[in-house]
Amino acid sequence: MRPLTTPLAALAALAALTTLTACGGTAEDGEAKGKKSGEGTVTVRIPDPGNAGVLARGKKDGSLDKALAAVGAKVAWTGSAGPFAPAAQAMNADQLDIATGSITSGITSLSQSPGFAFFTATDPDPVGEGILVREGSDIASVQDLVGRKVAVNKGGTGEYLLLKALAKAGIPADKVERVYLRPDQTAAVFNAGQVDAWAVWSTYAVAEIGSGKARFVADGTAISSDNYSLNAVRTGFAKDHPEIVKALYAYLHEHSAEEKKDPAAYLNVFTDAGPTALNGKAKDVQIAFTAKGGTVDPIGPEDIERFETVARFYADQKVTPGKVDIAAHLLDVEKLS
């Protein structure tokens, strides 16, 4: 565990909300608003985790309910998990309390008017993110991307991975055409050959690699990625209910370590059939990626240094208009009380 020893900055007071629009009108949403600790059960609004991962298993077996009940809280599953940008919008609009995203998409969201802070860090994925090409492609290295089209999600992980790979290879960014697409719309374009490569992370890469029709030409290790996964909390929620944020961190930390040891137990949590299930080679690929991944930890000084590196890189690459002040939007979760 990595304690945060730098001073804690004061809490600061991005398209439609897409998959998170369902969070605006439920009875449980109304129940959560305005409630302070000691006034009864507090509702924590979290995107539905789907069929895999720590939160999915916690939802099914009741262990998350138990952990939160101990601090007077319960979960309202709101919308569905997806890209961080709409989740950031939902937190800003007081329609969501917790969300997960990358430091890269986090930086672009922070460059707006953020109403959230980050309270955990998971080390960059060494093998599950990178530059994906189709099997049979003549692209054998990052250098071979010159003059090609690469699909990326604007301002997020994909754009970061491509720009970082090009910078490391000494290739000017304008030598490769960036094709901006939503991640959930890219597979069809990629497989149809309308782009030559796809800068992507495991959520989408697993199915492509598992099909046997795609491979990484460079993964997170080769790119020297600093793309952490982070958990964010709505600023007002953290201020009113620090004990709940701390309990949620403890749950995520413990169970992410268990998931790393036994990844298969956290797959196909609710069903082993249908579009949300992983089977065959794709399941094997996900298990291998998770076993080599990180765990949910507090944000430490070494993490902040790498966050700052990403923020400077994004500013230098003109992804953001200037360098985003990451430190102003971080919480020391172990000191919350």
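Author: Tyr 228 has a relative accessible area of 1%, so this residue counts as buried (under 20%; over 50% is exposed and the range between is partly exposed, with a 1.4 Å probe and protein chains only). The model is predicted, so local features need pLDDT of at least 70 and side-chain atom pairs count only at pLDDT 80 or more, while totals for chains, interfaces and linings use all residues. Residues are numbered from 1 along each chain as its sequence is written, and side-chain values use heavy atoms, without hydrogens or water.

The structure has nine aromatic pairs (rings of Phe, Tyr or Trp, the last by its six-membered ring, with centres within 6.5 Å; planes under 30 degrees apart are stacked, over 60 edge-to-face, the rest tilted). Tyr 228 belongs to the loop between α9 (220-223) and β10, and Phe 307 to helix α13, so the pair ties together parts 79 residues apart in sequence (helices are DSSP runs of H or I with at least four residues, strands runs of E with at least two, numbered from the N terminus).

Phe 307 is also buried, because its relative accessibility is 0%. Phe 307 is among the residues with the most contacts inside the largest nonpolar core, which has 47 residues (buried Ala, Val, Leu, Ile, Met, Phe, Trp, Tyr and Cys joined through side-chain atoms within 4.5 Å). Phe 118 is another of these. Beyond four places in sequence, Phe 118 is in contact (heavy atoms within 4.5 Å) with residues including Phe 84, Leu 110, Leu 230, Asn 231 and Ala 232. A second, separate core of 26 residues includes Ala 117 and Tyr 266.

Next comes the sheet. Strand β10 covers residues 229-234 and runs antiparallel to β3, with five bridges joining the two (strands pair if DSSP finds at least two bridges between them). Ser 229 in β10 stands opposite Ser 102. The open sheet has three strands in the order β3-β10-β4, with antiparallel pairing.
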